[in-house]
Amino acid sequence: MRKDALQNRERLLQAARQLFADRGLDVPLEEVARTAGVSIGTLYNRFPTRDTLVEAVFADRVATVAELAEQALATADAWEGFVAFLTGVCELQAADLGYNDLAARTTAADGDRGHALMREILNRAQRSGDLRPDITLADMAFVIWAMAATIRATHKVAPGAWRRHLALTLDGLRTAAAQPLPTPPIPTAQIRAAMREC
């Protein structure tokens, strides 16, 4: 890629990163191009779809989540690892509305490395007896959705409110607090379909 093309790509990524962080993923691509100082055609030459731009912008966040998962699995106490992982993901979401939107759309219901790591974090916490045994990986999508909604609703007026919500959620996930769940687990395929519609 020529030097000017690389510079345009970097300007587009910087503009998208800032606009997405401030306002979420629905920022018009024309605004991204204008902020970067390039034409919309240049944007589409570098990133043919919104998804390709989003993937490039958040590649570092996805890598960070994988690192958080590996750290959680390396933590001696399985429950502490589980809590640290969820807290770390929520901190990333709270710092960036674009990533918050992305996390709500692509949680561990997606079949990738993150899916496998999250499953092991859950299994490990369940084997320790701290995480209630009836929680499934698909249930964690609801946790992320709920946290994403709290972050989105409170980021301007009470930026730390999500921490209280997460603490309440974690208490409900503990084995000691478990009561029978009212419905059977939702299949992962249905969770994926619901996320695509968000």
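These legends accompany close-up views of a predicted model.

View 1. From the N terminus on, the order of elements reads α-α-α-α-α-α-α-α-α-α-α. The protein has 198 residues, and 42% of them count as buried. Its accessible surface comes to about 10,500 Å². Carbon and sulfur atoms hold 55% of that surface. Among contacts with a separation of 6 or more, 71% join residues 24 or more positions apart.

**View 2. The largest nonpolar core contains 52 residues.** Which residues touch the most other members? They are F20, V32, L53, F82 and F85. Helix α6, residues 78–95, gives this core its largest share, seven residues.

**View 3. L53 and its contacts from elsewhere in the sequence.** Neighbours within four places in sequence are left aside here. The remaining partners of L53 are L13, A16, F20, L29, V32 and F47. Two of these partners, F20 and V32, are listed with L53 among the core residues that touch the most other members.

**View 4. R105 and D26 form a salt bridge.** Their closest N and O atoms are 3.6 Å apart. How accessible is R105? Its relative accessible area is 27%, so R105 is partly exposed. D26 has 61% relative accessibility and therefore counts as exposed.

**View 5. D96 and R61 form a salt bridge.** The closest N and O atoms of this pair are 3.5 Å apart. D96 lies in the loop between α6 and α7, and R61 lies in helix α5 (residues 59–74), so the bridge ties together parts that are 35 residues apart in sequence. Is D96 buried or exposed? D96 is buried, because its relative accessible area is 3% and the cut-off for buried is under 20%.

**View 6. R132 and D134 meet through their side chains in a salt bridge.** The N to O distance is 2.8 Å. R132 is buried, with a relative accessible area of 6%. D134 counts as partly exposed, at 30% relative accessibility. A search of the whole structure finds eight salt bridges, including the one between R132 and D134.

Definitions and conventions: Residues are numbered from 1 along each chain as its sequence is written. This is a predicted model: local features need pLDDT of at least 70, side-chain atom pairs count only at pLDDT 80 or more; totals for chains, interfaces and linings use all residues. Side-chain values use heavy atoms; hydrogens and water are left out. Helices (H or I, at least four residues) and strands (E, at least two) are DSSP runs, numbered from the N terminus. Buried means under 20% relative accessible area, exposed over 50%, partly exposed in between (1.4 Å probe, protein chains only). Contact means heavy atoms within 4.5 Å. Accessible areas come from the Shrake-Rupley method with a 1.4 Å probe; for residues, only the protein chains shown count as cover. A nonpolar core is a set of buried Ala, Val, Leu, Ile, Met, Phe, Trp, Tyr and Cys residues joined through side-chain atoms within 4.5 Å. A salt bridge is a side-chain nitrogen of Lys or Arg within 4 Å of a carboxyl oxygen of Asp or Glu.
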